[in-house]
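Visitor: I would like a close look at one topic, the pairing of charged side chains. Please go through it pair by pair.

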Amino acid sequence: MTQTEKHNNILQTDLLIVGAGPAGASLACFLAAHGRTGILIAAAPGTADTPRAHITNMAALECLRDIELEQECRNAGTDSKHMEHTRWCRSMAGEEFARVYSWGHDPKHKGAYETASPCNHIDLPQTLLEPILVKRATHAGWTVRFNTRYMRLSRPSPDVILSEVLDELTGQTYFIQSRYLFGCDGARSQVVRELQLPLIKKPGQGLAMNIFVRADLSHLMENRSGNLHWVINPEEEGYPAWGKECVVRMVRAWDEWMFIFLPWPGADLKADDMTATNEEYVARVKKVIGDENVEVTLLHASKWWINEVVAERYSDGGNVFCLGDATHRHPPFNGLGSNTCIQDAFNLAWKVDYVMSGKAGKELLDSFNQERQPVGMDIVTRANQGLRDHYGWQKTLGLLEDDMEKTREILAEFEDPGEKGRLRRKAFREGIENTTTEFHGLGIEMNQKYVSNAVYLADQGEAPPAPKDTIRTLQVITYPGRRVPHAWLNTRVPGKKISTIDLAGHRRFCLLTGPGGQAWKDAVKAVGEKLGVEVVAYSIGWKQDYEDVYFDWAEKREVEDDGCVLVRPDRFVAWRSRSAIEKPEVKLEEVLRSVLSL
């Protein structure tokens, strides 16, 4: 079955994706780039109606760049220059307690960001990302059905999945038969429940409230640029139970905003505690803005749980896979959610295609869980710790005190010119600095390390130690299972620069070598033809295919001129050789057969 068809009242397709959010819609796009189409269903009536996820990092943009969607996303999103700061203030119009640089704007970190990737962070709300992905998928041949709820699955045979779905518009159920099923259906995933995938759950951190509004704050933002603003009034009394502290998040510069009201540590709010009238929501938003002349239009209000949940495994061990928020559920700190969803999909798509086309054994699919589940565990842990990292400054401002008199005493210490004031101000500064792992997290964003049957480690020796600061510091290495480093290249007669990231990827393997590496290029051509696997090869260096114009690749590649780095279609290193070897063709065939489970 290569195309969707109707047969005996059952829709038949090779590929069925449940969920049209960042994970499901991007998976459809990545599979479409391989020439694979199928059916994409979602219970929602359309794409996202609220701008939930928004930070789009370099790792995710590199995936979208691979299928030529990066520029469209950049055009739709808000440029990084509007993400310059994160602030702490009494109101959007009022006094400011502190600010920090964020998302690569700190002069101390700019170089690390600029050399990490050919891409830059953007702020792309989910309301704008999902239509881009769904449009691409449908134009590429995917059938997309909204208002379609996934109900249950059965297996007439080991390689056949029969899914029962409900058409929410007609109330009728029907069946879709597929070879593969992908559960991308979010935090309440029915596919996860059907598979009874075990979940690792830690106590959540309470219930939060999102209030999405239209309000023109452009007159305030010239000296307050940034996409995240913590608004707190330690001395305030009489606030609603749900409204003590707020993170004001830019949705569109500078007239659409999400007001995220977070529970203070230890609060045990129930859903009823957070219920208010629209007028009360608007009044609280105006209080947070601090300028009564600003007109506020309420667009949406919703509650959400701050979860710390990750699936123990992402697959049933067969042909059903779960990814995205279905498998990792966490608060938005560090901006890891949709970015991880997209990277889950990018990791899986090439493996599914290679198995379906006979280029790889089905055991290759086992590597999806081996590689991505540990990433899910890391980002869930980090996002929740990102929230806890704010407790320090909250404590120094007296926000965690139950006694208002005690809070006032604490705040008075800030004014003390003596030792008491010095210590209080120092503690506050350290509390603010402790949060910067959220806003400068290159390591957690890009240091994924894969140990699986799809990485060849037999001759590599021990992996290098992790950097001291695994959250902030990007580890630039070519050890197998790590992201291939970015370096700008050019031609001998200069033309448009190109990244090593762009040489790799594009649904095929890539071998990078240098002067003296012709034997690798000859070998990889022969092995690729023998195995029926496309492998391109480029030589980088003096009078080679590409010039290492800044000598960055020579510093990052960790192999000699005549060595090589073999990169998978998802731009992770499959294997490397430090230098030239005898019988390179034999070795490359061994490596590719191992990586592809042939």
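Guide: Start with Glu405, which is partly exposed at 47% relative accessibility; the class runs between buried (under 20% relative accessible area) and exposed (over 50%), using a 1.4 Å probe and protein chains only. The model is predicted: local features need pLDDT of at least 70 and side-chain atom pairs pLDDT 80 or more, while totals for chains, interfaces and linings use all residues. Residues are numbered from 1 along each chain as its sequence is written, and side-chain values use heavy atoms, leaving out hydrogens and water.

The partner of Glu405 is Arg408, in a salt bridge whose closest N and O atoms are 3.0 Å apart; the term means a side-chain nitrogen of Lys or Arg within 4 Å of a carboxyl oxygen of Asp or Glu. Both residues belong to helix H12 (residues 404–413), three residues apart, or about one helical turn. Helices (H or I, at least four residues) and strands (E, at least two) are DSSP runs numbered from the N terminus. Arg408 is partly exposed too, at 36%.

Lys587 and Asp459 form another salt bridge, with closest N and O atoms 3.3 Å apart. This pair links distant parts of the chain, 128 residues apart: Lys587 is in helix H19 (residues 584–595), and Asp459 is in the loop between helix H15 (442–446) and strand S21 (488–489). Lys587 is buried, at 16% relative accessibility, whereas Asp459 is partly exposed, at 39%.

There is also a network of salt bridges joining Arg214, Arg252, Asp255 and Glu256. Across the whole structure, the search finds 41 salt bridges.
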